[in-house]
Structures are given as structure tokens and as C-alpha cells.
Amino acid sequence: MKKRLDLYQKHNLKGLLFILPFLIGFLVFFFFPFIQSLMYSFGDLDPNNAYQLVFRGLKNYKRALLEDAEYNRIIIESVTATAAKVPVILIFSFITANLLKQEFPGRIGFRIILFLPVILTSGIVPGLESGDLVQGVLNSSINSDTAGLVNAGSLQELLLEMNFPVSFAGYIMTAVTGILDIVNKSGIQILIFLAALQSISPSLYEASAMEGATGWEHFWKVTFPMITPQVLVCLVYTVIDLFTDLNSTAMKYIQDYSFNKFQFGFASAMAWLYFGVVIIVLAVYTGIISRFIFYYDA
């Protein structure tokens, strides 16, 4: 008699079927280049010998870490820039998802508009000079009633006049001037948060309301705990998306050595070191956030 799958095995099978397209695509299109780049990182391609690989050991790694004057600085800047952008993107995505969850005319249209930057391939959105545009708006005169605000000269000076710390004012100013980049990087996260918010059972809110919970308590006791798994998913996605952005300084630096200077071995070594940094950052983030994840079915 054929043994039937239990519920746990069915869930595992569904998960396997869900990731099967990725596994097939990785094995067919990426596995060989993945291994090849690792081999290149331990050697050099000899242009005088039909670009045959010449084994050099750890020479390329030592050059990247100990000899190259720019690589370490670029990696540190990439890590700090990512750490600064991740909270802004997650907060913006979550707030936007909460707004789009509400019932109002044209809700579907607004959802499409906010997701358009993700599917645009023309480069129009990334090509906009967001800093100059927003800075010009902030420094322009609005009306006589806001003359006191305009005299501050910029949003950063206004925040300083309101006795905010210098570091906080600079952080807010960076987020505001980079708003177009934040919107461009938030489309997937908005969809994930929106799906998570819509999956919360209304009975949980009804039960908490019967207990006399306020809207603030609804958020912190029901909404936020229920979406913490999706917060982790969005966090991992955002970190990877920012680190692998082709316009980032680190990616451009590696591409320059690979496709302009044709130092494929050295570029591969830098790429693998960069990959290791991404793994470490993800391990730190997930190690911290995982302690606060709430699984309803656990």
C-alpha cells in the first residue's frame, strides 16, 4: 500500500516546488561561472597563451587586502552606506504598505505606480539627479509665512536649529535627498509588507479591541509581531539588493578591473572578498533580528 504524505511533508514539497525554478536556473546558467570565477581568483589569465589560467595562489587576495590603496576603503564605505540606507528603505516600505492597505479610490493605481520603478528598464528613474532636484526644492522660497523656514538655507540647518543632533540631521538630509533612490529600491518590499498586512486575521484585531486595546497597542501587540518574519525577508533582500547594485562604488571598481583593465583574476578575488563581506553583514543582521521574530504557527 502506497504511503500518503503527511501535512508536514506536503508543505516541504510545496516549498521545494516553489524554489525549483531558481535551482534549475542556477544550475544551468550560474553554477559553471560561479566555480570558474573562484578558479580565476587564484590565478591570472595569460593573454600571451590563449588566456590560459596561471595559478598564483593567494596572490590576488593579498593584493586586494594589503596592496591595493582603494579596495578596503571602498568596502568600508559600501558597508556603512548600506547600513544607513536599510532602515530608511524598510521604514518607507512599511509605511507605504500601510497606506496602500487602506480602502480609498484609485488604490490599485497607486500600487502600480509605486511598483513601476522596479520594472522600469530604461534607466529614467536612476538617471534623475535626485539630490540637486530635492535640494533645490528645499532651498526655494515657498511663501511669506514660511520665510523663517527658508532662512535656514536647507533642511539640515533647519533640523540643527531645532536642536537635533548633527549626526541625525545629516542622516535625515541624506535620506531626503536620496528619496528617488529609496522609492526605486522599495517596490518589492512594499509588496511583501502589503501581503503580510493583508494576511493578518481580522479576528486578532477584534479580540484585542474587546480587551480595550488602542490603535497604538494594536500596532505593537498585533500588527508588528505578525509581520516580523516578513521584516527579516525584506531586510535580507534589501541588503543584497544594495550590495549588488551595479551603480555602487564597489561593483564599479570590480567591473573596471574586469572589463576595462582585463585583470580577471584580481577582479575575481575582489568579487569573492566582497561576497564574503555581504555574507558577514547578512549573518550579523539575521543573528540580531532572528531573536525578535514571532512565528504564529510555531
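# Exercises on a helical chain

The model is predicted, so local features need pLDDT of at least 70 and side-chain atom pairs pLDDT 80 or more, while totals for chains, interfaces and linings use all residues. Residues are numbered from 1 along each chain as its sequence is written, and side-chain values use heavy atoms, without hydrogens and water.

**Exercise 1. Summarise the make-up of the protein chain.**

Solution. 
- Start with secondary structure. The protein chain has 15 helices and two strands. Both are DSSP runs, numbered from the N terminus: helices are H or I with at least four residues, strands E with at least two.
- Next, burial. Of the 298 residues, 30% count as buried. Buried means under 20% relative accessible area, exposed over 50%, and partly exposed in between, with a 1.4 Å probe and protein chains only.
- Then contact range. Take contacts between residues at least 6 apart in sequence: 64% of them join residues at least 24 apart.

**Exercise 2. Describe how α3 packs on α15.**

Solution. 
- Geometry: the angle is about 30°, and the axes are 12 Å apart. Axes are lines fitted to C-alpha atoms, for helices over the stretch in contact; angles run from 0 to 180 degrees between N-to-C directions.
- Handedness: α3 and α15 cross in a right-handed way. The near helix is turned clockwise from the far one in a right-handed crossing, and anticlockwise by less than a right angle in a left-handed one.
- Residues: α3 brings Y71, I75, S78, V79, A83 and V86. They meet M270, L273, Y274, V277, V281 and Y285 of α15.
- Class: this contact has eleven nonpolar residues, one polar and no charged. Here Ala, Val, Leu, Ile, Met, Phe, Trp, Tyr, Cys and Pro are nonpolar, Asp, Glu, Lys and Arg charged, and the others, Gly among them, polar.

**Exercise 3. Why is the pair of Y257 and F266 edge-to-face?**

Solution. 
- State the rule. Rings of Phe, Tyr and Trp (its six-membered ring) pair if their centres lie within 6.5 Å; planes under 30 degrees apart are stacked, over 60 edge-to-face, the rest tilted.
- Count. The rule gives 17 aromatic pairs.
- Apply it. Y257 and F266 have ring centres 5.0 Å apart and planes at 80°, so the pair is edge-to-face.
- Check burial. Y257 has 9% relative accessibility, so it counts as buried. F266 is buried too, at 1%.
- Extend. Ring pairs also link F22, F26, F31, F34, W272 and F275 into a cluster.

**Exercise 4. Is L242 buried or exposed, and what does it touch?**

Solution. 
- Locate L242: helix α13.
- Classify. Its relative accessibility is 9%, so L242 counts as buried.
- List partners. Beyond residues up to four places away in sequence, L242 touches T82, K85, V86, I89, K185 and S248.
- Check the span. L242 and A83 are 159 residues apart along the chain, with C-alpha atoms separated by 9.7 Å.

**Exercise 5. Where does L38 lie, and which residues does it touch?**

Solution. 
- L38 lies in helix α1 (residues 7-40).
- At 31% relative accessibility, L38 is partly exposed.
- Its partners, leaving out residues up to four places away in sequence, are Y61 and W272.
- The C-alpha atoms of L38 and S268 are 6.9 Å apart, across 230 residues of chain.

Notes: Contact = heavy atoms within 4.5 Å.
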